[in-house]
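I opened the notebook to look up one surface feature and what surrounds it. My entries follow the display.

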Amino acid sequence: MKIAKAIKIRVILVSQPVKVNGKRHQRVAIYYNTIRLWTAPELKTLER
């Protein structure tokens with residue numbers, strides 16, 4: 001897995017909560033800049 005050397009968060013947007021089937025759901029969007037490319041680990045790695 002590659003990780004960016006520097007990450008600068010530009011904006012964090014948090015939406016209003018919505019109740020679905022009695023549970024509270026809320027969307028969060030994070031916009032950022034990186035100096036290097038970051039790639040997500042494979043699904044097998046995340047399942048461990």
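Which residues does Tyr 32 touch, not counting residues up to four places away in sequence? I found Ile 7, Lys 8, Ile 9 and Arg 10. A contact here means heavy atoms within 4.5 Å.

Ground rules, noted before going on. This is a predicted model: local features need pLDDT of at least 70, side-chain atom pairs count only at pLDDT 80 or more, and totals for chains, interfaces and linings use all residues. Residues are numbered from 1 along each chain as its sequence is written, and side-chain values use heavy atoms, with hydrogens and water left out.

Entry: Tyr 32. I located Tyr 32 in strand β4. Strands (E, at least two residues) and helices (H or I, at least four) are DSSP runs, numbered from the N terminus. Tyr 32 has a relative accessible area of 42%, so I logged Tyr 32 as partly exposed. The classes are buried under 20%, exposed over 50% and partly exposed in between (1.4 Å probe, protein chains only).

Entry: the patch. I looked up the nonpolar surface patch and found about 680 Å². Its members are Ile 7, Ile 9, Ile 12, Val 14, Val 28, Ile 30 and Tyr 32. Patch residues have over 30% relative accessible area and no salt bridge; like charges are joined within 9 Å, nonpolar side chains (Val, Leu, Ile, Met, Phe, Trp, Tyr) within 5 Å. A salt bridge is a side-chain nitrogen of Lys or Arg within 4 Å of a carboxyl oxygen of Asp or Glu. Areas come from the Shrake-Rupley method; for residues, only the protein chains shown count as cover.

Entry: β1 (7-14) and β4 (28-34) each supply at least two patch residues. β1 gives the largest share, 4 residues. I noted that β1 and β4 run antiparallel, joined by 7 bridges. Strands pair if DSSP finds at least two bridges between them. Val 14 has Val 28 in β4 as its bridge partner.

Entry: cover. How many of the 8 residues of β1 are buried? I counted 0. Ile 7, in β1, counts as exposed because its relative accessibility is 53%.

Entry: whole chain. I read the element order as β-β-β-β-α from the N terminus. Buried residues make up 2% of the 48 residues. The protein exposes about 5000 Å², with 55% from carbon and sulfur atoms.

Methods. Areas by Shrake-Rupley, 256 points an atom, 1.4 Å probe, with all protein chains shown as cover.
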